[in-house]
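Dear colleague,

I am passing on the structure we discussed, with its sequence, so that you can look at both before reading my notes. Please keep it open beside this message.

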Amino acid sequence: MAWALKLPLADEVIESGLVQDFDASLSGIGQELGAGAYSMSDVLALPIFKQEESSLPPDNENKILPFQYVLCAATSPAVKLHDETLTYLNQGQSYEIRMLDNRKLGELPEINGKLVKSIFRVVFHDRRLQYTEHQQLEGWRWNRPGDRILDIDIPMSVGIIDPRANPNQLNTVEFLWDPAKRTSVFIQVHCISTEFTMRKHGGEKGVPFRVQIDTFKENENGEYTEHLHSASCQIKVFKPKGADRKQKTDREKMEKRTPHEKEKYQPSYETTILTECSPWPEITYVNNSPSPGFNSSHNNFSLGEGNGSPNHQPEPPPPVTDNLLPTTTPQEAQQWLHRNRFSTFTRLFTNFSGADLLKLTRDDVIQICGPADGIRLFNALKGRMVRPRLTIYVCQESLQLREQQQQQQQQQQKHEDGDSNVYHAIYLEELTAVELTEKIAQLFSISPCQISQIYKQGPTGIHVLISDEMIQNFQEEACFILDTMKAETNDSYHIILK
């Protein structure tokens with residue numbers, strides 16, 4: 001290819017280039033990298049990528065990579081030396097990524113005349129968010145139904161064959177391409193970095209993402225499972241035109257710095273060269289759905305079972321008293337998570353004891369588990385119950401009860417004074433007459449159908465039929481005495497609230 005990058009083979013070449021031509025290596029930076037060959041000085045000036053998850057073996061540092069990917073977007077000038085480059089993108093805008101064949105003569109002859117498969121991903125740069133990627137993306141899907149995080153602009157792309165986007169993987173696209181032919185894929189990122197920040201009061205820093213490309217060749221069975229190359233770069237995504245404003249702001253800030261301070265920062269490059277990294281690891285928290293097309297979903301990246309589906313049978317609700325204790329061992333904590341319907345997160349909390357889990361703050365749990373499950377888990381850890389909408393207190397009263405109370409009062413009048421009635425709490429959620437009937441029936445240990453009507457004693461002793469609207473106007477923690485009367489027509493009862 002006319003614009004393929006050719007790296008030197010020997011350490012001496014690199015050393016001589018750095019020592020003898022250091023000034024020249026800085027002179028061409030910032031110029032547009034077009035279809036011409038990349039100069040050695042530009043390559044040497046690039047910051048060394050520091051892979052967060054796992055560094056590459058030392059013997060890979062000087063080898064020529066089989067492929068190279070170039071994102072046609074400028075890097076930020078506000079990045080310190082030796083740090084990884086950062087590129088700003090606009091939401092929904094199409095950006096070209098050039099797929100370059102960088103093989104030397106005779107390298108990987110088995111792919112000559114054949115297609116390779118590349119998988120594009122937009123993933124989180126932050127390791128903590130990577131652990132909760134599935135929950136974060138599910139929350140995004142809930143807020144943006146029908147949208148995707150990553151798309152291919154097919155009309156603008158060149159040389160890609162059979163592009164696919166799995167509807168279950170919003171942040172992943174894939175396609176086949178021929179390394180011997182010109183290939184450029186235009187991608188669109190539809191999420192913005194601030195959508196995944198913890199607080200949304202304005203002015204928060206957006207989280208950085210990574211664009212990662214993994215390329216595979218066919219195996220003997222015609223499946224694209226044999227890994228060839230992986231590379232990635234760090235990006236931030238802004239609302240439309242926000243990336244241009246951010247780039248301008250960074251440039252203006254750098255212009256105000258002294259020459260000595262500027263030496264600590266990288267210059268801005270017109271394009272972003274993706275740097276080699278480890279293949280995207282196997283993940284176990286997404287549904288195991290095959291990659292669509294090609295009959296070639298790579299098994300190395302097969303995805304395990306997820307956190308349930310519409311056909312998943314829910315577990316019975318946990319007992320109210322099942323609170324986690326600081327003395328709980330990691331094994332017991334795993335069982336507690338299962339009992340309380342947090343099986344999805346048992347892998348994340350494998351080595352957490354009860355004390356470890358109880359030390360997590362509300363923000364910690366939400367960031368790990370997502371907003372919905374995070375709040376539910378935090379409340380379960382703290383033993384918090386949902387507060388009812390209305391609480392009333394009732395005391396049962398009947399002729400037999402009054403006679404018993406009179407006898408008790410006569411027996412105990414030497415020991416105590418005052419009312420000996422015992423009140424019971426009734427918690428209402430729906431605030432309806434039907435719900436009140438069911439709760440009173442439970443209190444009397446009878447069937448709700450045995451309660452004919454419920455009345456409230458009004459002024460001058462009149463009986464007012466209880467309605468939903470009346471219950472909604474009850475005062476919180478109001479006290480009532482329940483009087484029961486036998487209905488004249490059948491075996492049911494009338495209940496009177498006094």
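Predicted model: local features only at pLDDT ≥ 70, side-chain atom pairs only at ≥ 80, totals over all residues.

Residues are numbered from 1 along each chain as its sequence is written, and side-chain values use heavy atoms, with hydrogens and water left out.

I begin with the nonpolar cores, a core being a set of buried Ala, Val, Leu, Ile, Met, Phe, Trp, Tyr and Cys residues joined through side-chain atoms within 4.5 Å, where buried means under 20% relative accessible area, exposed over 50% and partly exposed in between, with a 1.4 Å probe and protein chains only. The largest nonpolar core has 41 residues, and those with the most contacts inside it are Leu71, Ile97, Met99, Phe120, Val185 and Phe209. Its largest share, 5 residues, is supplied by strand S10 (residues 224–238); strands (E, at least two residues) and helices (H or I, at least four) are DSSP runs numbered from the N terminus. A second, separate core of 21 residues includes Ile440, Ile454, Ile471 and Phe474. Leaving aside residues up to four places away in sequence, the contacts of Met99 (heavy atoms within 4.5 Å) include Gln68, Tyr69, Phe120, Trp177 and Val185.

Turning to the rings, the structure holds 9 aromatic pairs, counted for Phe, Tyr and Trp (its six-membered ring) if the centres lie within 6.5 Å, with planes under 30 degrees apart taken as stacked, over 60 as edge-to-face and the rest as tilted. The ring centres of Phe67 and Trp177 are 5.4 Å apart and their planes are at 65°, so this pair is edge-to-face. Because Phe67 lies in strand S1 (residues 67–71) and Trp177 in strand S7 (residues 172–177), the pair ties together parts that are 110 residues apart in sequence. Phe67 counts as buried at 1% relative accessibility, and Trp177 counts as buried at 0%. Phe124 and Phe209 form a tilted pair, with 5.9 Å centre to centre and 50° between the planes, and both of these residues are buried. Ring pairs also link Phe124, Phe196 and Phe209 into a cluster.

As for the cysteines, a search of the whole structure finds 0 disulfides, a disulfide being a pair of cysteine sulfur atoms within 2.5 Å. The sulfur of Cys479 has its closest cysteine sulfur in Cys395, at 9.7 Å, which is too far for a bond.

In helix H8 (residues 330–339), the buried residues are Ala333, Gln334, Trp336 and Leu337. Seen down the axis, they fall within an arc of 160°, so they line one face of the helix, the arc being that of the directions from the helix axis to the C-beta atoms. These residues pack against helix H9 (354–358) and helix H11 (371–381).

Finally, some backbone angles may deserve a look. Just after H8, Arg341 takes a positive phi of about 65°. His82, a residue other than glycine, has a positive phi near 70°; His82 lies in the loop between S1 and strand S2 (86–90) and is exposed, with a relative accessible area of 59%.

With best regards
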